[in-house]
Amino acid sequence: MTDNTATQRRTTTISSEAAAASSSGNSPRTSATSGITNNSSNSSTASAMMLPLRILSIAPKIVSILLRVLFWPLFKIANMAFPPKEYDGINNSPASDRAARAFVSMFQKHISVVRPVAVAALGEGTNGENNNQEHYVEPACPFSPRGYNATLSEITGRPPNTRPLLLLYLHSPLHANGTNFLRNYLCHSQLLQLLNSNNSDSHGSVVCFGASVHTADGQKMRDMLGVTSFPFMALLSVKGSSNNNNNNNNNDNNNNVTMELLLRMEGPQLLTIPPTQITTYLNTSISRHAEILAAEEARRLMREEEQRLRQEQDREYQEALLADQMREIELQEAAERERREQEEKEEVERTKKAKEESRLDDARALMENTGGEPIAGSKGVSRLRFTLPNGKKVDRRFRSVDLIETIRAFLVVYFDEQGIEMKNFGLSTNFPRRSFKEEGDNKLTLEEAGLAPQAVIMVQDLDA
């Protein structure tokens with residue numbers, strides 16, 4: 001009863017669904033179509049929302065291009081109205097060189113003030129005052145007359161194991177102690193002697209560069225080192241790969257250069273230190289750097305020596321390996337040669353044996369074809385006597401029309417039957433004296449050869 005009721009309910013539900021579907025007609029297709037329409041509408045809405053975002057993303061680029069186009073004439077007019085000054089522009093190499101030469105000229109004047117230039121010659125003046133005056137040669141200015149980029153390129157252009165230090169001095173003309181530091185410290189005789197002795201063109205261990213903070217190079221150094229007080233002096237170790245590029249590429253090359261600060265001296269407290277103490281500091285740093293370079297050079301030489309030894313060992317190993325390979329090749333060639341010789345020898349033996357067997361078979365066949373030994377006293381018979389090398393005589397009758405090759409065939413068969421080792425033999429007669437060759441006389445009949453009706457033939461062993 002319960003099963004029937006459940007069956008009736010299930011049937012009623014299915015019928016209701018079928019009726020609803022039939023009454024709706026194409027309602028499922030309509031629902032699917034409406035779903036596709038909704039998806040298309042959503043996609044169009046999303047694309048419409050993304051378009052303003054794309055426009056906003058490229059708007060700064062468009063504005064930047066428009067501003068460059070609009071302000072380009074103004075930039076040109078400004079350059080014409082306000083041209084660069086003598087010391088303007090960090091990338092202006094001529095301006096940097098002029099600024100460096102101006103600093104060198106200013107420094108040289110301070111040297112002249114501190115140490116007056118030479119005194120008059122001996123013998124001049126009164127009371128012999130000139131005889132007691134000091135003869136003095138004005139020291140040279142140790143600072144480079146080239147700009148910062150050129151000076152840096154000069155340093156990086158040397159091999160790493162001989163690369164000098166960079167002594168940097170930043171001068172502030174408006175600073176109260178700037179002139180005092182120049183005259184009493186940088187122009188001190190011991191410091192000048194130290195810098196000039198280590199500042200040669202190609203083998204010096206120090207390159208000095210000085211600049212005013214009012215120039216582009218000076219301002220760049222000030223910003224790079226974070227200088228806030230004066231006077232300022234620093235000793236730097238320049239790192240970077242050596243190159244030989246021209247001056248047009250100096251700025252690009254110097255962008256890859258790194259520096260290590262070895263010594264930094266700045267501020268008013270610098271004036272409380274005696275000049276000799278500063279000279280000692282610099283001399284210690286320079287000596288330590290020279291020791292580092294010497295150690296690096298020693299390591300480089302050691303690496304080169306190790307590399308040379310490795311190359312020599314590799315060369316010796318390669319030579320030994322090549323010698324072993326050559327010996328192996330020679331042994332292989334000798335073995336191959338012996339194998340080929342053995343094969344050739346075996347081939348010759350096989351050929352010889354096959355030839356002998358063929359010769360013996362041919363001789364027997366030829367003798368069978370002749371019909372055997374003719375009867376004595378019959379017409380056309382030739383009686384031959386063969387005298388062998390050992391003195392033995394063999395008599396045999398042949399037909400006068402038999403060929404010389406028949407005689408040879410008889411002897412071949414006879415030697416085989418008698419066990420006589422005579423493979424290559426010749427035939428000749430004494431009266432008349434004549435030799436019968438295998439190549440040209442084999443086709444002669446006995447009568448044509450003069451061996452009929454009888455003859456004595458001498459058999460010679462040609463291999464004896």
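Helices (H or I, at least four residues) and strands (E, at least two) are taken as DSSP runs and numbered from the N terminus. The model is predicted, so that local features need pLDDT of at least 70 and side-chain atom pairs count only at pLDDT 80 or more, whereas totals for chains, interfaces and linings use all residues. Residues are numbered from 1 along each chain as its sequence is written, and side-chain values use heavy atoms, with hydrogens and water left out.

View 1. Glu319 is partly exposed at 45% relative accessibility, and Arg315 is partly exposed at 42% (buried means under 20% relative accessible area, exposed over 50%, partly exposed in between, with a 1.4 Å probe and protein chains only).

**View 2. Arg397 and Glu373 form a salt bridge.** Their side chains meet at 3.7 Å, N to O. Arg397 belongs to strand β6 (residues 393-399) and Glu373 to the loop between α9 and β5 (381-387), so the pair ties together parts that are 24 residues apart in sequence. Arg397 has a relative accessible area of 27% and is partly exposed, as is Glu373 at 39%.

**View 3. Arg158 pairs with Glu154 in a salt bridge.** The N to O distance is 3.7 Å; Arg158 is buried at 8% relative accessibility, whereas Glu154 is partly exposed at 26%.

Technical notes. Salt bridge = Lys/Arg side-chain N within 4 Å of Asp/Glu carboxyl O.
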